Amino acid sequence: MSARDAGGKVRMHVDPSEKGWIRLSIVVLIVFAIAISVAGFMLGIQVPTDQVRVDPRTVLEEAPWSEPGVREITPGEEYKVYIVAQHPVFTPNAIEVPAGAKVTFYVTSIDVQHGFKIDDTNVNFMVIPGQVSTLTTTFDDPTPEGEPLKFICTEYCGASHHFMSGEITVTE
Ligand code: CUA
């Protein structure tokens with residue numbers, strides 16, 4: 001409903017309870033914006049990006065995917081890990097990186113959609129054919145002798161999905 005006030009301007013009548021809900025929805029939006037900012041900038045929670053596109057049919061013919069594995073960029077400080085997912089294996093499925101180093105994972109699939117989740121970390125993303133999923137993390141503590149961190153596929157990808165896993169050994 002609308003009405004004209006003394007000055008001739010159109011005024012909309014808004015029920016007080018409706019005003020309350022409008023205010024509440026604005027507050028909720030602000031709270032979400034703050035939560036996303038805190039997660040992204042302070043807690044380091046990142047969304048995997050799809051900026052790198054590849055052709056899943058030919059990707060294994062090109063570097064670095066022709067030789068997936070760990071690349072030491074700066075010893076003890078920076079590592080890149082290239083992993084190929086193909087039902088029901090990750091290649092490589094045993095990785096070794098030092099504690100405290102910046103480790104960036106690059107994972108792609110050459111068949112169907114897979115998942116990549118490392119136990120006891122917030123590394124958990126989808127692996128989609130045609131894209132390279134990327135995430136950077138740091139392992140603070142070395143893994144105990146004989147107890148590497150497990151990484152698993154979290155998307156149903158075929159009959160042997162539950163076997164699709166690998167291990168990360170974090171050294172001193
Ligand atoms: Cu790969 Cu499930």
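Visitor: What makes D119 and K117 a salt bridge?

Guide: This is a predicted model, and in it the closest N and O atoms of D119 and K117 are 4.0 Å apart. The cut-off is a Lys or Arg side-chain nitrogen within 4 Å of an Asp or Glu carboxyl oxygen, so the pair qualifies.

Visitor: What makes D120 worth a look?

Guide: Its phi is near 60 degrees, a positive value in a residue other than glycine. D120 lies in the loop between strand 9 and strand 10, and its 76% relative accessibility is over 50%, so D120 counts as exposed.

Visitor: Why is the F90 and F116 pair called edge-to-face?

Guide: Check the distance, then the angle. The ring centres are 5.8 Å apart, and the limit is 6.5 Å, so they pair. The planes stand at 85 degrees; over 60 counts as edge-to-face, so that's the name. F90 lies in strand 6 and F116 in strand 9, so the pair ties together parts that are 26 residues apart in sequence.

Visitor: How do you know that F90 and F116 are buried?

Guide: F90 has a relative accessible area of 2% and F116 is at 0%.

Visitor: Which residues do ring pairs link into a cluster?

Guide: F90, F105, F116, F125, F139 and F151. The structure holds 8 aromatic pairs.

Visitor: What does F116 touch beyond its sequence neighbours?

Guide: Leaving out residues up to four places away in sequence, its contacts include I83, F90, F105, V107, F125 and F151. F116 is also among the residues with the most contacts inside the largest nonpolar core, which has 25 residues. Strand 5 (78–86) supplies the largest share of this core, 4 residues. A second, separate core of 8 residues includes V59, Y82, V84 and I110.

Visitor: What makes strand 7 and strand 10 edge strands?

Guide: The open sheet has 5 strands in the order 7-13-12-9-10, with mixed pairing. Strand 7 and strand 10 each have a single partner strand, so one side of each is left without a neighbour in the sheet. The twist averages 25 degrees from one strand to the next.

Visitor: How do you know that strand 12 and strand 13 pair?

Guide: They share 4 bridges in the antiparallel sense, and two bridges are enough, so they count as paired.

Visitor: Where are the cis peptide bonds?

Guide: One joins A63 and P64, with omega about 0 degrees; P64 lies in the loop between strand 3 (49–53) and strand 4 (69–74). Another joins T91 and P92, with omega about -5 degrees, and P92 sits in the loop between strand 6 (89–91) and strand 7.

Terms used. Residues are numbered from 1 along each chain as its sequence is written. This is a predicted model: local features need pLDDT of at least 70, side-chain atom pairs count only at pLDDT 80 or more; totals for chains, interfaces and linings use all residues. Side-chain values use heavy atoms; hydrogens and water are left out. A nonpolar core is a set of buried Ala, Val, Leu, Ile, Met, Phe, Trp, Tyr and Cys residues joined through side-chain atoms within 4.5 Å. Buried means under 20% relative accessible area, exposed over 50%, partly exposed in between (1.4 Å probe, protein chains only). Helices (H or I, at least four residues) and strands (E, at least two) are DSSP runs, numbered from the N terminus. Contact means heavy atoms within 4.5 Å. Axes are lines fitted to C-alpha atoms, for helices over the stretch in contact, and angles run from 0 to 180 degrees between N-to-C directions. Rings of Phe, Tyr and Trp (its six-membered ring) pair if their centres lie within 6.5 Å; planes under 30 degrees apart count as stacked, over 60 as edge-to-face and the rest as tilted.
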